[in-house]
Structures are given as structure tokens and as C-alpha cells.
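Trainee: Could we go through this chain together, one question at a time?
Mentor: Gladly, let's look at it first.

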Amino acid sequence: MPVQATQEVTLSYMFRPDAMLEPRDFGLLVNVYYKDATGRNYTNAAFNGTIDLIEPVVGWDAQR
């Protein structure tokens, strides 16, 4: 998707880890690769940090 100079764009991406992963801290690095109108390539880190994978609360409530 072409983005003009001084414009911004937001991209949405749903991250779904494998169901077999244990809940714990994970390192996540998201790189953005792009090129300008002249074809010159660039790379920038959009996110570089730790994320927590937590198990969702599953069950049912006998009171309802």
C-alpha cells in the first residue's frame, strides 16, 4: 500500500500464539520492511519488548 510523505498508516495484525505454548514471558520483535519511491530499502523496529502470554479464564459459573 503506497503511503505518501508526511502520511501515516496504521496496520492491524492479530497475533495468535500456538495453543501448545505455556503461559510465560516471551520476547517479541516486530520489524517493518519498506522501500521509498526510488526503490531504496529500509528496516525499522516497530516493537521490541517482552509480552506476557496468559491463559484465559475458562469455565462456567454454576450460579447462573
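The questions below move from the whole chain to one residue.

Mentor: Before we start, this is a predicted model: local features need pLDDT of at least 70, side-chain atom pairs count only at pLDDT 80 or more, and totals for chains, interfaces and linings use all residues. Residues are numbered from 1 along each chain as its sequence is written, and side-chain values use heavy atoms, leaving out hydrogens and water.

Trainee: How many helices and strands does the chain have?
Mentor: We count DSSP runs, numbered from the N terminus: helices are H or I with at least four residues, strands E with at least two. On that basis the chain has zero helices and two strands.

Trainee: Why is the chain said to be more spread out than a compact globule?
Mentor: The radius of gyration is taken over C-alpha atoms, and the globule rule is 2.2 Å times the number of residues to the power 0.38. For 64 residues the rule gives 11 Å, so the chain is more spread out than a compact globule, with a radius of gyration of 19 Å.

Trainee: What does the C-alpha trace span along its principal axes?
Mentor: Happy to give you that one. The spans are about 65 × 25 × 15 Å.

Trainee: Is Met20 buried or exposed?
Mentor: Met20 lies in the segment before strand 1 (25-35). Buried means under 20% relative accessible area, exposed over 50%, and partly exposed in between, with a 1.4 Å probe and protein chains only. Met20 has 70% relative accessibility, so it counts as exposed.
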